Number of protein chains: 2
Amino acid sequence: MSNSKMYNVAVVGATGAVGQKILETLEKKDFPIDQLKLLSSSRSAGTKMKFKEAIYTVEEATPESFENVDIALFSAGGSVSKALANEAVKKGAVVVDNTSAYRMDPEVPLVVPEVNEEDIKKHKGIIANPNCSTIQMVAALKPIQDQLGLERVIVSTYQAVSGAGAEAVEELKDQSQAFLDGEDLNPELMPVKGEEHHYPIAFNALPQIDVFQENGYTFEEMKMINETKKILHKDALNVAATCVRLPFFTSHAESVYVEVNEPTSVKILQGLLNDADGVTLQDDPDNQVYPTPLDAAGKPDVFVGRIRQDLDVKNGYHLWIVSDNLLKGAAWNSVQIAESLIKNEWL
Amino acid sequence: MSNSKMYNVAVVGATGAVGQKILETLEKKDFPIDQLKLLSSSRSAGTKMKFKEAIYTVEEATPESFENVDIALFSAGGSVSKALANEAVKKGAVVVDNTSAYRMDPEVPLVVPEVNEEDIKKHKGIIANPNCSTIQMVAALKPIQDQLGLERVIVSTYQAVSGAGAEAVEELKDQSQAFLDGEDLNPELMPVKGEEHHYPIAFNALPQIDVFQENGYTFEEMKMINETKKILHKDALNVAATCVRLPFFTSHAESVYVEVNEPTSVKILQGLLNDADGVTLQDDPDNQVYPTPLDAAGKPDVFVGRIRQDLDVKNGYHLWIVSDNLLKGAAWNSVQIAESLIKNEWL
């Protein structure tokens, strides 16, 4: 970065799965931090966490926590963001919010930097980080939209349990071991914490992520549908989603069907995606090269493969998109937004 | 069954994952067996297997094995069917073949009894059992096609490892334990035995089932596409498939998008599927009722849920279809074909 100024940064929800990844990403990117503040609920306050060579004590997040904070990265759940994001803004911080609290607010930019970085400029204090499953999809769709026009998207997801938090990861581990040992699985959390019914996630597939809406879609599915239109600036885009939770820990995969305005070739699509920022093409069926969740885990890119022409519809194409849901799907994208705020002097 | 005649039955591939399920199904349905012959490769010959109260010794399958056999149920792989199915027919047996060897042969009926039972009548000695992922899908699509007309199908699958045989089940068990123990996964089999590259299946998703074709689709995907058109008697049907192997043991799940001729309502679709033979509707989002692979395992039905209207396309609908890949997807359907041969005197 050309700017050598340093910034006071707060991470809200520092002890959570995404919060930890945000700290790792800030460290990895050598983010220009002057003072770092780690915040959480009262329950996790007092936890000690390491950042670079220093030990920090996590503090309870209150409105006063944001005095002198330049950038606040929120990932402590929607209710915390609703309670504290505007307080942080009042204190002068710019908030990058990784919850669904403000994503569809017309006053709040919803941003994947490779896709719609300019939207950050219009912020009024809060910038929303999209849902994990949306981010990786739009990163791959944007170059297609730009070159060929995009008419229609139908996606079926294959989502990792870490998207449901650290407890869900523990549940999958415990249940997997119980299943292998021939013991009872005792589902207590998945598919949705707080819902009435729980189903085993180990060696199973659950077609429910988040709660059902009145139209029969889950909230996760509606997030993908609405956020995709907002980020791609195209309300008229036809988007359909089916979201499924699966028994793996990291990375979401997506089977995506698209219809473009101008029929093209697989070669041209591969070229577009190969050249796209933040996208890595892994598409060589002759050599069994395609993305998988296990291979994408820990990497910041969006991986795309299995690109093929629909056999009946001449402007229809199929893609397989995989990315680490905690990195590009959450922490990495949030920190990219913060970097853009600095680089473009949009703070 | 009204007919009290008894039949000589041979099961080829008796020791395999599907062969064992065929024996369980014959026993469960109290199939009218006079003499039962268990056949296999030379490698498994000599194995002792129990059927009802008797112990049988598995014999090596040769052309002579089919003397006096009325019905031969083949599930020992395509090469065995190619080598022996016609030999069995020459000896007077009717073959129900659970491999892909003859499925697309225009002389061979490809049958899901609830969908196209009448096709059995035209057999010339061999009737093919469709691919597991095809069977469950067409069972749910048929009542929709009959009442509303069917124009288009786009499916993304979530397939269990047992579809790749008993060795794949062992690999998933072993790798899952290794992963939980923090040990190396050593992939040796999945996604396809005999292919050059192997990827871990534990806690992963592999977008390859069977080998790649020149058009970039896998053979599994092309099976779904071509078999669906043949069974539904509609070459002009638009069908697209993406097939994915997942880390669970039993039952395939499918996220299916359909376009019908006549726009309808979710209620009407639920009614059609509720009334369909072999289909069980599990569709009550308010009470978190939907099918899952673990719940469908061991049951012969095809389970359908998550039925909803596309939000943009007025004749478009989404469904989630789950069935035990070894039962309705293989053994159960094969034995149903055999029952139909007897019941209708089509032997």
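Reply: The buried residues of α6(A) are A:E220, A:E221, A:M222, A:K223, A:M224, A:I225, A:E227, A:T228, A:K229, A:K230 and A:I231, where buried means under 20% relative accessible area, with exposed over 50% and partly exposed in between (1.4 Å probe, protein chains only). That makes 11 of its 13 residues, and the helix is mostly covered.

This is a predicted model: local features need pLDDT of at least 70, side-chain atom pairs count only at pLDDT 80 or more, and totals for chains, interfaces and linings use all residues. Residues are numbered from 1 along each chain as its sequence is written, chains are lettered from A and ligands numbered from 1 in the order in which they are written, and side-chain values use heavy atoms, leaving out hydrogens and water.

Helices (H or I, at least four residues) and strands (E, at least two) are DSSP runs, numbered from the N terminus. Helix α6 of chain A covers residues 219-231 and reaches 18 Å from its first C-alpha to its last. A:H233, with a positive phi near 55°, follows α6(A).

The buried residues of α6(A) pack against α3 (113-116), α4 (132-148), β9 (150-158), β10 (238-242) and β11 (252-260) of chain A, and also against β13 (302-309) of chain B. Across the two chains, the side chains of A:E221 and B:R308 form a salt bridge (3.6 Å, N to O), that is, a side-chain nitrogen of Lys or Arg within 4 Å of a carboxyl oxygen of Asp or Glu. Between chain A and chain B there are 8 salt bridges. In total, 66 residues of chain A are in contact with 66 residues of chain B, contact meaning heavy atoms within 4.5 Å.

Key. Expected span 1.5 Å × (residues − 1).
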